[in-house]
Amino acid sequence: MKVNPNYQTKEQLVELYNKPLLELVFEAATIHRQYHNPREVQMSSLLSIKTGGCAEDCGYCPQAARYHTDVEAQKLMTVESVIEQAKNAKANGSSRLCMGAAWREVRDNKDFDNVIEMVQSVNDLGMEVCCTLGMMNEDQAKRLKNAGLFAYNHNLDTSPEFYGDVISTREYEDRLNTIDNARKAGITVCSGGIIGMGEAVEDRMGLLLSYMQMETPPESIPINALVAVEGTPLEDQKPIEQWEMIRMVASTRIVFPETVVRLSAGRTKMNMEAQALCFMAGAGSIFAGDKLLTTPNPDFNEDKEMFDILGLIPKEPFKDAEQPVTIPDEKIEARKANELQREKELEAARLEAIENGFVPRKVSSVDSL
Ligand code: SF4
């Protein structure tokens, strides 16, 4: 992923962000047209596969267990219901499914085995699969890669300087390590930020600087506007001006010409005109569906209408990279073999009992009381 060589310092980035708005949009639009089809916008769906009850303290997040919000903690979804949701999303035009679990980190347990199965199944549907599961180590990243994971999302959120004002339960460095583990496993990286948390323009550009300093910058950078949720520490933050979102999208596009810039949370506060300027300035993706994990989002029909009016077309999956090949997962294969063996043993025992004259008793409703 390229970095624009004209921008190397935070001062240059801040100057870029503060350019007269239409000049900024023009520069971004020019670069966007050199590297991307400006009519194509990817529709992605974000599915919360495990909601709430998170041990972290991200100040913007209603899923943190310590904040008193309306979000109720739920268990991990079943593989079957994820497949059903993925099919719905695909039928509604989404070519990418991002599955989010409110975990501090990935643990090597049955839930992770299930996530591996979800990734395999959604990849088999021909969709780009992205996961956001918290911190993960290199082995876990390799399992996800083998399952067919296309992208791993792990946001840096903001600059290293402002980060401590929003999150205290894990370090910036931890986030960089997880991103590195995804990279080492050969998974593409989706990592972005949130604006409107009380940060300065320097922090917004500090976030971009962090990505510029990576050996390979992210293939995907989501730009979110804070959705201030009651009960979180950031509940009283004033909504940002739409112009700020446009500036952030345009600056990101200019600095990372090849990256997909995703117009993410906060679209419900933007009118169609402002969103149109974001597409003009290089946004190449939106999240479709009426929920973004737990916060509101425009529904499919509204977005379809917007696409028609603006002449946008949904981007097909895997236009930027090959579809990952799913390699059978040893742990899941072993578990399935064990389950099969156990079923065979039970059946054999049942047949043997019948041969020996045992007549299975019918269970009546009285018996079961
Ligand atoms: S953003 Fe993620 S890690 Fe932070 S509290 Fe929310 S669910 Fe947990």
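Is Thr 158 buried or exposed, and how many C-beta neighbours does Thr 158 have inside 10 Å? Thr 158 counts as buried because 26 C-beta neighbours lie inside 10 Å. (Buried means 20 or more other C-beta atoms within 10 Å of the residue's own, exposed means 12 or fewer, and partly exposed lies in between; C-beta atoms are placed from the backbone.) The model is predicted: local features need pLDDT of at least 70, side-chain atom pairs count only at pLDDT 80 or more, and totals for chains, interfaces and linings use all residues. Residues are numbered from 1 along each chain as its sequence is written.

**View 1**
Thr 158 sits in the loop between β4 (151-153) and α6 (160-166). (Helices, H or I with at least four residues, and strands, E with at least two, are DSSP runs numbered from the N terminus.) Leaving aside residues up to four places away in sequence, Thr 158 touches Tyr 163, Val 166, Gly 193, Ile 194, Met 197, Glu 199, Asp 203 and Leu 207. (Contact means C-beta atoms, placed from the backbone, within 7 Å.) Asp 157 is found in that loop between β4 and α6 too. Its phi is positive, about 75°, although Asp 157 is not a glycine. Asp 157 counts as buried because it has 24 C-beta neighbours inside 10 Å.

**View 1. The ligand shell.**
Around the ligand stand Cys 54, Glu 56, Cys 58, Cys 61, Gln 63, Ala 64, Ala 102 and Gly 134. (A residue is near a molecule or strand if its C-beta atom, placed from the backbone, lies within 6 Å of it.) The shell divides into 5 nonpolar, 2 polar and 1 charged residues. (Ala, Val, Leu, Ile, Met, Phe, Trp, Tyr, Cys and Pro count as nonpolar; Asp, Glu, Lys and Arg as charged; the others, Gly among them, as polar.)

Strand β2 (residues 96-101) is largely enclosed by the rest of the structure, because 6 of its 6 residues are buried. In a regular strand, side chains alternate between the two faces of the sheet. On one side of β2 lie Arg 96, Cys 98 and Gly 100, on the other Leu 97, Met 99 and Ala 101, and all are buried. β1 and β2 run parallel, joined by 6 bridges. (Strands pair if DSSP finds at least two bridges between them.) Ser 45 has Leu 97 of β2 as its bridge partner. From β1 the chain crosses through helix α3 (residues 79-91) to β2, in a right-handed β-α-β crossover. (Right-handed means that, with the strands pointing away from the viewer, the path from the first strand over the helix to the second runs clockwise.) β2 and strand β3 (residues 128-132) also run parallel, with 5 bridges. Cys 98 has Cys 130 of β3 as its bridge partner. The chain passes from β2 through helix α4 (residues 110-124) to β3, and this crossover is right-handed.

**View 2. Helix α10 and its packing.**
In helix α10 (residues 272-280), the buried residues are Gln 275, Leu 277, Cys 278, Phe 279 and Met 280. They pack against α2 (21-35), β1 (40-50), α9 (242-255), β8 (260-263), β9 (283-288) and α11 (300-310). Gly 282 follows α10 with a positive phi near 120°.

**View 3. Helix α12.**
Helix α12 (residues 330-355) has 26 residues and reaches 37 Å from first C-alpha to last, close to the 38 Å expected. (The expected span is 1.5 Å times one less than the number of residues.) α12 is hardly covered, with 0 buried residues. Just after α12, Gly 357 takes a positive phi of about 95°.

Definitions and conventions:
Two residues are in contact if their C-beta atoms, placed from the backbone, lie within 7 Å.
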